[in-house]
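Hello,

Here is the structure I promised to pass on. My notes follow below it.

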Amino acid sequence: MRRLLTPALITLLALPAAASSDDAWEAFRTEVDSACRALLTDPGEPLVEVEPFGSASYGVALITLALPEGGSERYACIFDKHSRAAELAGPFPEPAAEPAPESE
């Protein structure tokens with residue numbers, strides 16, 4: 001009887017942890033988003049895409065900043081999970097335009 005109770009008890013205890021884990025990951029994504037937005041000084045409307053879980057040590061976000069005069073800039077933001085500090089890299093250079101295909 002005891003052998004049957006142990007797996008059932010473990011399963012029941014794990015259910016609340018799974019629910020709070022989703023909440024914890026959502027809070028993590030919100031924290032990364034806020035920390036990365038706080039580093040932006042240029043005017044423009046940012047689109048912040050947070051990688052849902054990051055790596056073991058870091059959260060990562062890709063930021064695309066629409067510039068008021070047109071065009072955009074792209075940045076990478078790294079968030080240290082231990083220190084809770086964010087750093088902004090970039091901007092990445094605009095990709096080079098592909099040459100037009102040669103006609104024969």
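Where is the place of Arg84? Arg84 lies in the loop between β3 and β4. Strands here are DSSP runs of E, at least two residues long, numbered from the N terminus (helices would be H or I, at least four).

Before the rest, a word on the source. This is a predicted model, so local features need pLDDT of at least 70 and side-chain atom pairs count only at pLDDT 80 or more, while totals for chains, interfaces and linings use all residues. Residues are numbered from 1 along each chain as its sequence is written, and side-chain values use heavy atoms, with hydrogens and water left out.

Arg84 is not a glycine, yet its phi is positive, about 65 degrees. Arg84 counts as partly exposed because its relative accessibility is 40%; buried is under 20%, exposed over 50%, partly exposed in between (1.4 Å probe, protein chains only).

Now the sheet. It is open, built from four strands in the order β1-β2-β3-β4, with antiparallel pairing. Two strands pair if DSSP finds at least two bridges between them. β1 (45–50) and β4 (86–92) are the edge strands, each pairing on one side only. On average, neighbouring strands are turned by 25 degrees against each other, direction ignored. Axes are lines fitted to C-alpha atoms (for helices over the stretch in contact), and angles run from 0 to 180 degrees between N-to-C directions.

Strands β2 (residues 58–66) and β3 (residues 72–80) run antiparallel and are joined by nine bridges. Thr64 stands opposite Arg74 in β3.

Last, strand β4. Pro91 is found there. A cis peptide bond joins Gly90 and Pro91, with omega about 0 degrees.

Best wishes
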